[in-house]
Structure formats: structure tokens, C-alpha cells
Amino acid sequence: MFNNLSEKLDKALHVLKGHGSITEVNVAETLKEVRRALLDADVNFKIAKEFTNTVKEKALGQDVLTTLQPGQLMVKLVKDELTELMGGDAEGLNLSGNPSVILMSGLQGSGKTTFSGKLANYLKNKKTKKPLLVACDVYRPAAVDQLHVVGDQIKVDVYSDKGNTDPVAIAKAGIAHAKANGHNVVIIDTAGRLAIDEAMMKEISNIHAAIQPQETLFVVDAMTGQDAVNTAKAFNDVLNFDGVILTKLDGDTRGGAAISIKSVVNKPIKFIGTGEKMEAIDVFYPSRMADRILGMGDVISLVERAQEQFDEEEARKLQKKIAKNQFGFDDFLTQIQQIKKMGNMKDLMGMIPGAGKMMKDIDIDDDAFKGIEAIIHSMTPLERTNPSVINANRKKRIGKGSGTSVQEVNQLLKQFDQMSKMMKMMQGGKGKAMMQAMKN
Ligand code: GDP
């Protein structure tokens with residue numbers, strides 16, 4: 001995410017390191033580079049200029065802060081300003097209605113249907129919400145089918161009425177269906193066109209007027225840069241929407257849309273999409289995003305993602321198994337599946353401070369666990385629960401079955417053995433001692 005921008009800002013801010021104090025000359029040099037980095041990331045010219053002017057004013061007014069290194073001070077100022085530009089505090093959804101109605105808007109291909117599913121899944125996992133998805137695209141039957149596929153996948157009901165050509169009627173019927181069936185959130189997926197046109201704007205504004213949603217969200221593909229900002233403006237003029245959803249931030253996005261959109265439409269970015277999977281959704285926190293842009297990682301989001309996948313009951317069972325020395329390859333496989341649900345590896349690495357920069361040229365396979373999973377799948381149940389029975393013959397068979405080699409099987413067995421020992425140690429009171437040793 002934002003690799004190029006992060007790299008350039010890092011370089012720009014490096015200029016100041018090594019200077020004893022902040023002077024007008026080195027601030028100007030640095031800010032010129034910062035501005036160039038923002039423009040390269042497709043940030044609107046006016047916004048980039050205002051940004052650097054504000055940072056400059058603040059920097060020159062801060063000579064009292066002599067204890068801080070100038071480089072660090074500039075990083076802090078840039079971070080604060082980036083956060084401010086992207087929205088300050090995170091803003092949640094208004095779910096006060098019963099049912100609460102959420103209307104999705106945006107161009108075709110922006111990721112509306114995918115995001116509708118992700119949001120339904122996200123709310124469903126909050127336990128108190130029972131969402132209903134409503135398919136209002138009357139032009140593309142395939143879009144309705146797509147929403148049904150998504151609904152089946154996340155086990156959320158979908159309301160549709162194929163053949164009905166009136167999206168307002170479908171939306172209203174969908175809300176009535178929700179009321180009758182105890183759904184407390186209704187997510188309405190609407191039709192999009194390839195470009196903004198009057199008919200589409202009229203249609204979405206008719207739906208909006210008829211159902212008066214609590215939340216109108218505008219979905220936009222972050223890869224489209226300045227275009228994203230222009231489209232947002234056009235939709236906002238008609239709908240006065242409540243929030244923006246930036247999708248496809250997992251791709252090679254330059255970052256301009258994320259940085260400029262808030263100040264152009266004065267509406268917060270509420271969520272981001274970071275992949276095609278249903279779990280690839282994150283609440284948008286401006287300050288955490290600023291950290292990521294500046295290569296400082298985002299450990300808080302990483303921990304939250306882990307917690308979302310964390311099932312207390314399962315964790316207790318696992319703890320017991322470890323204590324009794326019964327942790328086997330099946331449990332290992334479950335752990336891998338949970339990690340995979342957290343997102344793709346490169347994205348996760350980017351959340352660890354400094355790791356994103358280190359890993360930028362390393363190609364991490366999206367499915368980094370493929371080989372390991374294949375090896376475990378080639379083991380018999382006995383081998384999985386009791387790896388000590390795996391002798392040379394068995395290793396040969398497992399290597400062949402999984403399309404790997406005896407060497408790779410050996411490597412996994414060794415890693416597994418080390419991991420089991422470590423887990424055992426963490427369980428017994430040695431955990432604390434180990435953490436202390438790691439700190440020293
Ligand atoms: P719609 O026409 O607005 O409903 O868009 P879709 O939901 O059908 O999405 C269009 C394409 O973008 C599909 O191939 C999705 O899988 C993909 N997509 C949606 N959101 C994301 C995302 O956050 N990351 C990535 N990489 N792809 C996404």
C-alpha cells in the first residue's frame with residue numbers, strides 16, 4: 001500500500017536528519033520534496049500546496065522544541081497534517097434506525113457489491129446485527145446473481161426481485177422484507193455505470209429520496225486517483241452522502257485519493273477494502289493510515305485483525321492441548337487458516353513498523369503457506385497427531401504426495417518441533433523470562 005509515496009516521503013524527511021536545527025532553508029528543501037512526493041502520488045495540486053504551507057508554518061514556529069531532532073519533529077508535523085487531511089478522528093456508521101438502512105452508491109466496478117458483502121459480514125460478526133442484502137441493479141442480472149453468491153458465502157440473506165425493473169420499488173420491498181423477518185440492518189446494493197451519467201444520478205437520487213437511508217456510502221476504487229476525487233464530488237453534489245469507502249487499497253495505489261478525498265467533499269472515509277476476500281475490510285483510522293504512509297507500520301490494526309479471527313473457545317482448547325503436549329499438525333493447519341484470513345502476507349508485513357520498507361522488493365507469494373499445507377494434507381491422521389512416528393519411509397511418501405521433497409518435509413518437522421517446544425515454554429512460567437530475554 002502506498003509504497004512509492006512512503007519511500008519518497010522517507011527520502012524527503014531524511015534530508016533534515018544530520019542538521020542541528022530547523023532553518024528556513026532546510027525546511028524549504030524538505031517541503032519541496034514532500035510536495036513532489038504528494039503530487040507524484042496524484043494528490044490534488046492545491047491540496048499539496050496547502051499541506052506543505054501549513055507544515056512549514058508549524059515547523060518554523062516550533063524552535064522551542066529543542067529536545068527533538070529536527071528530522072523527528074518534521075516527521076511528526078507531516079504525520080499530524082496527513083492525519084488532519086484524511087479526517088482527524090475515525091467516524092463510525094449511523095446505525096440508529098430499525099432497521100438501519102445503508103445505501104451503496106458508486107460507479108460500476110468500484111467494488112460496491114463486494115463491499116456490500118464485506119460490510120454485511122463485518123456487521124454480522126458484531127453479533128447484535130442481523131443484516132439483509134438487497135439487490136437493486138435492474139440492468140445486470142449477473143450483478144444480482146453475484147450478490148446472491150456473496151450472501152451464500154457469508155450466510156447472510158439476500159432480497160432480490162428479478163424481472164422487476166423499478167429499483168425504488170425493490171428497495172422499499174427489501175426494507176419491508178427486513179422488517180418482517182427481523183433484520184435490523186439493510187444494505188442496498190445499487191446499479192452503477194461505467195461513467196457518471198444523468199440517468200444513473202437520477203435513479204440513485206430517487207432511491208435515496210424514497211427510502212431516506214441512515215447512511216449513504218459512496219464506494220470508490222482508490223486506484224483511480226484524481227478521477228476518484230472527481231467522481232466523489234459528482235456523487236456528493238447529488239446525494240450529499242455520509243461517507244466514502246475506498247476499495248482496492250491492497251493494489252499498487254498511489255495514495256492520492258485517500259489523501260485528497262476528505263478535503264474535497266468534506267466527508268469522512270469510513271472503511272477501506274484491502275482485497276477480494278470477504279474479510280478484507282478495515283475501519284479507516286486517519287492517524288493509523290498516516291503511520292502506514294510514513295512507513296511506521298500499523299501494529300494496532302494488525303492486533304485487531306488477529307483478535308477478530310481469534311475465537312476464545314478455540315484458544316482455550318488449544319491451550320489445553322499445548323499443556324498436555326497434544327498440539328498436532330491439525331491444530332497447526334487451523335492456525336495457518338486463521339492467519340490467512342487476516343489478509344495477504346505482503347499487506348500484513350506492511351503493518352509491522354519498518355518491515356514494509358525492508359520487504360518492498362521481495363515478492364511474497366499470496367499463498368505463502370501452500371507448501372506447508374500440502375505437506376500436512378499428505379500426512380495420515382496418526383502422523384498429524386503423533387509426528388514422532390514419521391520415519392524416513394514416511395517422509396519419502398509425504399514428500400511425494402505433497403509435490404515437495406524430503407528436505408522440505410524435514411524442515412517443516414524441525415520447525416514444528418521448535419514451535420511446540422517454545423509454546424510449551426510460554427505455557428510454563430518461563431514465558432515471562434523469555435520475553436525479558438528478548439527485550440534485553
Ligand atoms: P461493483 O460493480 O461496484 O459492484 O464492483 P464489484 O464488487 O463487482 O467489484 C469489481 C471487482 O473488483 C471484482 O473483481 C472484485 O473482486 C474487485 N474488488 C472489489 N473490492 C476489492 C478490493 O478491496 N481489493 C481488490 N484487490 N479487489 C477488489
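The centres of domain 1 and domain 2 lie 34 Å apart, taken over C-alpha atoms. This is a predicted model. The chain is divided into three parts: domain 1 (3–86), domain 2 (100–296) and domain 3 (304–439).

**Where domain 1 meets domain 2**

- Domain 1 puts 18 residues in contact with 20 residues of domain 2.
- On the domain 1 side, helix 1 (3–14) and helix 4 (70–86) are the elements that give two or more residues.
- Helix 4 gives the most to this side, with seven residues.
- By residue type, the domain 1 side that touches domain 2 divides into eleven nonpolar, four polar and three charged.

**The annotated segment**

- UniProt, in an unreviewed entry, lists residues 268–281 under "domain: SRP54-type proteins GTP-binding".
- Over residues 268–281 the chain is 43% strand and 0% helix.
- The end C-alpha atoms of this segment are 16 Å apart.

Key. Residues are numbered from 1 along each chain as its sequence is written. This is a predicted model: local features need pLDDT of at least 70, side-chain atom pairs count only at pLDDT 80 or more; totals for chains, interfaces and linings use all residues. UniProt positions are given in the numbering used here, feature names are shortened, and annotations may be inferred rather than shown by experiment. Helices (H or I, at least four residues) and strands (E, at least two) are DSSP runs, numbered from the N terminus. Domain bounds come from an automatic or database domain assignment. Two residues are in contact if their C-beta atoms, placed from the backbone, lie within 7 Å. Ala, Val, Leu, Ile, Met, Phe, Trp, Tyr, Cys and Pro count as nonpolar, Asp, Glu, Lys and Arg as charged, and the others, Gly among them, as polar.
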